[in-house]
Amino acid sequence: MIDSSAFQGKKAKYYTLGCKLNFSETSTFGKMLSDMGVLTAEKDEQADICLINTCSVTEVADHKCRQAIHKMVRENPGAFIIVTGCYAQLESEKVSQIQGVDLVLGSNEKANLIQYLNDAFLHKDDDALHQYHSVKTKDIKSFQPSCSRGNRTRYFLKVQDGCNYFCTYCTIPYARGFSRNPTIASLVRQAEEAAAEGGKEIVLTGVNIGNFGETTHESFLDLVKALDEVDGIQRYRISSLEPDLIDDALIDYCSRSQKFMPHFHIPLQSGSDEVLKLMHRRYDTKLFAEKVMRIKQQMPEAFIGVDVMVGSRGERLEHFEACYDFLNSLPVTQLHVFPYSERPGTQALNIPYVVDEKEKKRRAKRLLALSDEKTQAFYAQFIGQEKQVLFEKAPRGKAMHGFTDNYIRVELAPAMAREEYDNQLMTVRLGEFNHDHTALRVQNIVEE
Ligand code: SF4
């Protein structure tokens with residue numbers, strides 16, 4: 001039983017590290033606490049409860065998590081400190097030993113965060129300190145539903161969690177467990193609630209979204225079709241899809257849908273087949289290129305973002321050059337470049353060839369330059385064209401920003417900006433690049 005009277009008027013602070021999924025989950029925890037009467041502490045106020053949602057994607061992420069925990073403890077003496085998320089799952093005992101941490105919840109237990117918090121908070125005595133609850137990866141079964149507001153315009157709907165792939169460099173399956181998902185019906189309800197609050201755009205998030213349906217014997221395409229029917233939501237984006245799980249039927253459906261945007265994000269990781277094998281990825285460059293070409297054939301204006309890892313174990317110079325040439329040859333729009341980071345417990349540590357840090361940086365720099373070239377060329381094609389843009393709130397007197405269907409960032413000069421454009425889909429004519437080349441300026445508004 002939750003005793004919400006004990007929480008009335010208490011103040012909480014939240015700190016999130018990592019991916020959109022974590023942000024979405026933290027925001028849901030925040031909403032649950034607020035329903036119990038907990039207020040959000042201002043930046044300079046001391047909180048009674050602090051929640052840190054951690055990430056463990058790299059060694060640097062682990063370090064940042066420890067720093068964030070220490071900072072919360074230092075700045076909020078006497079507060080009840082809860083740590084959850086991937087780092088909390090992988091290093092529960094270690095995290096629970098950090099001075100000031102009261103409760104550590106692994107990936108399975110975070111779904112019951114409110115119950116755990118209630119029990120420990122009400123009985124905060126010496127026995128309650130340094131508690132940790134986490135189960136082995138294979139036993140992570142719970143699903144924490146989350147639909148968070150990025151801003152009033154965009155919502156992040158978690159449709160799936162966990163992963164069964166076990167790529168050799170990745171700790172996510174250990175931290176988040178095997179793939180699982182809620183029902184299509186429950187996700188449609190969440191989308192309807194977002195629409196009722198005035199949400200216009202939903203980003204479908206997850207760890208390996210294409211795996212959707214294994215738990216409920218439904219399919220990702222069926223989910224897409226069901227969401228397409230929700231009144232009020234005008235745009236959907238899919239945060240990321242593994243290449244081997246991008247069905248041709250899904251591409252074809254998105255190309256006909258008015259709501260699923262011509263915007264894809266596909267993790268490639270390496271453009272060398274030898275490295276892909278070392279990574280235990282489930283596709284080769286041929287399949288990846290076929291998927292990209294099919295998307296472009298059906299949706300010539302589509303924006304395609306690609307994740308690439310540089311300097312992974314086994315990536316010799318010739319492999320990197322093959323990866324560069326492969327990406328250069330494809331009509332992709334933007335590269336998200338990640339330098340490889342060694343993770344304890346991963347199979348990649350058995351691969352003998354190691355790339356030094358300096359060389360990793362050099363490779364990352366080259367790919368980032370290629371990414372810039374491709375993004376600029378993509379944007380430039382649309383200068384002078386009419387496009388629909390969904391504008392987002394901006395402080396008075398500042399430029400407003402928004403995105404086209406195909407994810408071009410658009411800037412509306414302060415002199416043209418109006419409060420009523422916030423969360424509105426408007427047709428504009430796209431002008432030249434803005435001052436730092438991060439957006440195209442609005443030349444004129446065609447239709448409100
Ligand atoms: S698909 Fe591979 S890289 Fe992505 S989460 Fe699963 S194991 Fe990690």
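How far apart do the C-alpha centres of domain 1 and domain 2 lie? Some notes on that and a few other spots follow.

1. The answer is 29 Å. This is a predicted model, where local features need pLDDT of at least 70, side-chain atom pairs count only at pLDDT 80 or more, and totals for chains, interfaces and linings use all residues. Numbering runs from 1 along each chain as its sequence is written.

2. The chain is split into domain 1 (4–138), domain 2 (147–379) and domain 3 (385–445), with bounds from an automatic or database domain assignment.

3. Around the ligand you'll find, among others, Cys163, Cys167, Cys170, Asn208 and Glu242 (a residue is near if its C-beta atom, placed from the backbone, lies within 6 Å).

4. Helices H8 (residues 220–228) and H9 (residues 248–256) pack at about 15 degrees, axes 10 Å apart; axes are lines fitted to C-alpha atoms over the stretch in contact, and angles run from 0 to 180 degrees between N-to-C directions. The pair is therefore roughly parallel (angles under 35 degrees). Phe220, Leu221, Val224 and Lys225 of H8 meet Ala249, Leu250 and Tyr253 of H9.

Note on methods: Helices (H or I, at least four residues) and strands (E, at least two) are DSSP runs, numbered from the N terminus. Angles under 35 degrees count as roughly parallel, over 145 as roughly antiparallel, 65 to 115 as roughly perpendicular and the rest as oblique. Two residues are in contact if their C-beta atoms, placed from the backbone, lie within 7 Å.
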